[in-house]
Structures are given as structure tokens and as C-alpha cells.
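Okay everyone, thanks for coming.

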Amino acid sequence: MGYLQDGTWNDGWYDTKSSGGRFERTTAGFRNWITPDGAAGPSGVGGFEAEAGRYHLYVSHACPWAHRTLVFRALKGLNGLISVSAVHPDMLSDGWTFSRDFEGATGDDLFGFDYLREVYTKADPEVSGRVTVPILWDKKRNTIVSNESAEIIRMFNSAFDHITGNTLDFYPDALRPRIDEINARVYSTINNGVYLAGFATSQSAYNEAIAPLFESLDWIDGLLGQSRYVAGDHITEADWRLFTTLIRFDKVYHGHFKCNLKRIVDYPNIWGYLRELYQVEGVKETVHIEHFVRHYHYSHDTINPNRIVPITPHIDFDAPHGRGNI
Ligand SMILES: N[C@@H](CCC(=O)N[C@@H](CS)C(=O)NCC(=O)O)C(=O)O
């Protein structure tokens, strides 16, 4: 694992020395938006008009951030309009690779590259930053539109509606303040919270992350005792942003990231809710358990130096969810 500096690859794990053992996530570098008419979005430049067949997603099926974009692609009827390549689950000294040596690892369908970093240097030969998934690529302008999943899902939520006729809205005006409020806490304490706990290299950094993580899960379980979804009666972006962390939790974060005060199956409301989300049409096809079990345990040798991939418990995500009466 490493990063690009002025277009050159440097191998190296996250530096937590200067931050008291705390993992600090860097911000994504490409922040343009696809819009219905190509007008500029909230950040970046214009010129990325919604068109069938023009855009491509690079994902890892292991990654919860990339997983969000696949969920929105499915829910919004974009599977036939936006193509996808999936990297190999092992992220070692070369970072993400296009090796096909694992079921579901597709290779690079656009350029035949060996390494994901080549997608970044294709967009900008002098690029600096981490080589992360997801990447939303524009085949027409031959560049990266965005590598920020929170923004890619917003584009998918509305930019293609006039082409697909799919007007499902996971970020409706009336609920935006509530969704934003939930997202902020879920991001810092749950989505990123599991990483803060797992990548901590000091006891105090781990302690700082673990308490808020489980306080927030208790809070979510409480919300789900009162309403079917976290922001009320309607399923929203806030639910899908939670989903990709929850689905990995008992298989990976509980053990590998030491998030082991409770499991998701121990939460009466979250557990049924997780099954309900998994069973929404098109969603389970985006879940690749073997990729995330392999990726985390095999790639993070600072946490698991012998790279033993554990068996992990059997979890029946297909069991009836019982959420209909809430
Ligand atoms: N801000 C990004 C974060 C994406 C991210 O951190 N992806 C991880 C995989 S789960 C990655 O590719 N990490 C590689 C690295 O940090 O070198 C997003 O949400 O899109």
C-alpha cells in the first residue's frame, strides 16, 4: 500500500506517528459532478453531462465507500448505463491491482492496466494523493470525474433521472437537514469510526474511537425501534450509508478492527433492519462477502501480520426481517 507523489508511486503504510496513533483520513482530490445538462455541480468544473454509456466506475467489492456507489447504481436503474471494473481484494505494496486471480475481480476493462494507480496518472500524470476506490471515470473526456463516494451517490440519485425515468429520491428536500445530521454522526463514529478503532496504533486512540462507535450503534438501534428507517418512514441515503458498514461488521470489524463490544446480530432493531436493506431488490448482488473478508485480513499486515484469513461466522442475511409493522 502507498500513495502517489507528483505521479510517482511510494510504498508506505498510514503514518500515525505524528497524530498520537490516530488514523487520519485524507480528502479526495477529484470533485467534479455529473449533472443532467453538464453544468458545474457544487464543486469542481462543468462538462460532465449525464449520458448512457459514458461513465465507468472503478470499485473494490471490499470497500464500504465504493460499495455505496454500487448500491445507488443498482437502486437508480443505472446498471446498464454505467459500466464497472472491480479490483482484486488484496491491497499490498502496489496498492489496488487489476489482477484477475480472484472470483469477481474483473481486471481493467477500459485500458488493461495492471494497477489502479495508472488510472490516476492517466487522468493527471503529476497527481499526488492516495490511490483510492471508488473512481468515477469519464470515457469521453478521459479523466476522473470524482473519487468521493459521498458525492458520487448524490449524482447517481438525480443526474440520470431524465434518461432512466427512475425518480426514486434518497435525498428529498424535506428530509435533508435530518439526513445531514444523521450522516455526520454516522460518518465520524460508525463508517469512519470502525477504521479509527482498527487502524489506531495507541491504546488511547483506540479508546477514543470505540466508545463513540458503540454509543452511536445504541442510538441507531433506538431510532429503529421508533421508525422503520433512520430518518423516519422513508428509506434514504442515510440508511444506505449505514448499510455498507453494517454488512461488514460481524464478519470483519468485530474481530479484525477490535470492534467487539457487541455484534450487529445482538442489536434487535439494527439486525432486522440490516436484513431488510440487504433484501431490497438489487442490493444483495452488490454484496461480495469473500472480497471483504479476504481484503481486510490479508491486506492489513500491520494488524494481522501472518495474513491468516479467519473462517468468520455464518450470518443469514436472507432470513425474514420482520420490519413491516414498525
Ligand atoms: N473519500 C473516499 C475514501 C475512499 C477510501 O478510503 N477507499 C479505501 C478503500 S475502503 C482505499 O481505496 N484506500 C486506499 C488507500 O488509502 O491507500 C470516498 O469515500 O470515496
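Let's start with Thr-132: it counts as buried, because 23 C-beta neighbours sit inside 10 Å. Buried here takes 20 or more other C-beta atoms within 10 Å of a residue's own, exposed is 12 or fewer, partly exposed is in between, and the C-beta atoms are placed from the backbone.

Quick caveats. This is a predicted model, so local features need pLDDT of at least 70 and side-chain atom pairs count only at pLDDT 80 or more, while totals for chains, interfaces and linings use all residues. Residues are numbered from 1 along each chain as its sequence is written.

Thr-132 is in the loop between strand 5 (129–130) and strand 6 (135–138). Helices (H or I, at least four residues) and strands (E, at least two) are DSSP runs, numbered from the N terminus.

Now Glu-148, in the loop between strand 7 (143–146) and helix 3 (149–158). Glu-148 is buried too, with 23 other C-beta atoms within 10 Å. Leaving out residues up to four places away in sequence, Glu-148 touches Ala-28 and Arg-31; contact means C-beta atoms, placed from the backbone, within 7 Å.

Why pick those two? An unreviewed UniProt entry lists both under "binding site", along with Trp-96, Arg-130, Val-131, Val-133 and Ser-149. UniProt positions are in the numbering used here, feature names are shortened, and annotations may be inferred rather than shown by experiment.

Last stop, the helices: in helix 7, Leu-217, Ile-220, Asp-221, Leu-224 and Gly-225 meet Asn-269, Ile-270 and Tyr-273 in helix 9.

Conventions:
Contact = placed C-beta atoms within 7 Å.
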